[in-house]
Amino acid sequence: MSTIGARGQAVIETVPARDGHPAVIYRHAGDRFLLVEYGEMTLDLTINFRILGFNEELKRQGLRGLVETVPALRSILIHYDSTKLSTSDLIAALKRLEEKVPTAEHLTIPSRIVTLPIAFADHWTRANVEQYVKYVRKDAPNVVDGYNIDYITQYNGLRDREEVITYIMGTDWWNACLGFWPGLPFMFPLDPRYAIVTPKYNPTRPWTTEGAVGIGGPCVAIYPVDSPGGYQLFGRTIPIYDPKQRSSAFKENPILLRPADRVRFTRVTDDELDAIRRQVVEDRYRYQIEDGALNVREYIDFVKSVKGEAEAFRRRQEEALKHVMIP
Amino acid sequence: MLEVLEGGLQTTVQDWPGRQGYLDLGMYPAGPMDMRSFRAANLLVGNPQGAAALEITAGNFKVQFTDRRAVAVTGADMQPTLNGRPAPVWESFAVRGGDVLALSIVRGAGFRAYLAVAGAVEVPEYLGSRATFTVGTVGGFEGRGLKKGDRVALRPAGNVDAVLGRRFKASAVPVYEREWEIEVMRGPQADPDYLTGEDMEFFFSHPWKVDRNSNRMGVRLESHKWQWARRGGGIAGGHPSNILDNGYAVWTVNVCGDQPIILVADGPSLGGFICNATLVYASTWKVGQLAPGRDLIRFKEVTITEAITMARAVDQTLSEASIEGR
């Protein structure tokens, strides 16, 4: 039952899950936006795969009155002109598309592989953490030996910081969506055996250097600009946002990463990173980007094949949690 | 050319509706905080309503012109003067090369004024728009607010005399207040699943004070102890305001922990907090005129049908039908 036009209702309609399709909730977000939510409040990458596939199809349709869309983890925010496209016509079009777009396991999603150099425990982000301890919170439990990596180690029950690094390098990172700051990716591990997690800073950190890489909850982010932040820092990479569009990688778009990209990290030293960053500025660096695709069926089979190991790691994390302080 | 003699608190080049189509990459649209006064200023000088013009926050802005132009000042009353003598508001008038237009500090209700110049302000387009996006430091004039010594180019003016003395009918000029009623639609995340019915009743009845710490990214309201309809945020975090990150509608009320913040022109595009109400298109302009640390607002719930009627009515006031004079 639709409640369009009713007072006191944020939810317009709920469509229950069926035949491999997750439940859908249509919510008013003012008279120019519609929020479409899928499935439960859980982290399920297959829902995000379907959303990104659906989003591509929706954009291709060129619906009159549709302005833009914002796909996220388990939702799509739709910006539309309600004086040209009524909410009920929009929802009807979305429902028709739900029928047309196959369920996640039948999708193959165009997905680039972007390889980024990373310096772990680099001196730039170490300075951010040092400042935090000096000016914001002296007794922050998430700062161990002046940095966040050893805390990530403890929180996940790993051996040492080298093992944390192995875990971060061991998986491709799925960019589920971009936002908050221009170009900031929200990335999740495609290999559940390496799904490390951490709580966020409390209070937040006033300084984070551009290019810093950190983790909050299960999500890894790269900071596109110098900004405040709440994620546990573990390294620094090269620029992913160039507002002035100076180097060729940013000629067409000031933002490097797109939804559905897979990011792979390759380890470098601070000095090497410094040299590469200089090359970026002088436009002598070629960003390593390969076209590719993610076959969801194969991915689901892969996740099944490593289920035992992934669960073993989860148990190890739960055990470790009993002995760790939360910020 | 415009030569900036005093930049004021924050004066930016904007266009309307700002930068569309980059929300999925993390860019809010920027554009004017008060689209109504902005478009009115352009209408008065014969520009397309979305043409690049200046947004002046709180006042203390002074410019010198280098050629003859029709200009118009709208929005909050900052007692504009031309070469020291009072200049009209909500009415187009002529300036000559060497003339100095000065806006003093805002007096009375309202917070932002708009200055449109016939022909429009000329700055490079950035991703399809000339609007200044302060967070990304892009667009507008070098991605920043104007300051003393800046020389801002103007596009060719056309026939100046044809648009002089055009003024808004008094009935079409918006009324600014110290206590505002702002129309919103409930949701996307409200009651009964996130907040309680009582929480929403409080939200719609309480006079919310606009926090001093408000700007083009967010307009902060005071914190409140919400009852919440659930204990925590589950996988998304410990607090019941936490959700798995989703896109934020522009002009939505984001409940960040206990504090509601209206996300405005340069806000964050995506995040992990609920939004319990969203301003309707026709009410967004009021946010641009809220004085931080002083004004009070009450939220009034409307349906989408009412919102669409209101949208058409606001757009109607921004047409030749509202103009008289000449």
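Predicted model: local features only at pLDDT ≥ 70, side-chain atom pairs only at ≥ 80, totals over all residues.
Local features need pLDDT of at least 70, side-chain atom pairs count only at pLDDT 80 or more, and totals for chains, interfaces and linings use all residues. Residues are numbered from 1 along each chain as its sequence is written, with chains lettered from A and ligands numbered from 1 in the order in which they are written.

Q: In what order do the five strands of the open sheet of chain A stand?
A: Strands are DSSP runs (E, at least two residues) numbered from the N terminus, as are helices (H or I, at least four). Two strands pair if DSSP finds at least two bridges between them. The pairing here is antiparallel, and the order in chain A is β1-β2-β3-β5-β4.

Q: Why is one side of β1 and of β4 of chain A left without a neighbour in the sheet?
A: β1 (11–15) and β4 (66–71) of chain A each have a single partner strand. One side of each is therefore without a neighbour, because both strands stand at the edges.

Q: Which residue of β2(A) is the bridge partner of Glu13(A)?
A: β1(A) and β2 (residues 24–28) of chain A run antiparallel and are joined by four bridges. In β2(A), the partner of Glu13(A) is Tyr26(A).

Q: Which element gives the most to the side of domain 1 of chain A that touches domain 2 of chain A?
A: An automatic or database domain assignment gives domain 1 (11–102) and domain 2 (113–321) of chain A. Nine residues of domain 1 of chain A are in contact (C-beta atoms, placed from the backbone, within 7 Å) with nine of domain 2 of chain A. On the domain 1 side, five residues come from the element that gives the most, α1(A).

How values were computed
Contact = placed C-beta atoms within 7 Å.
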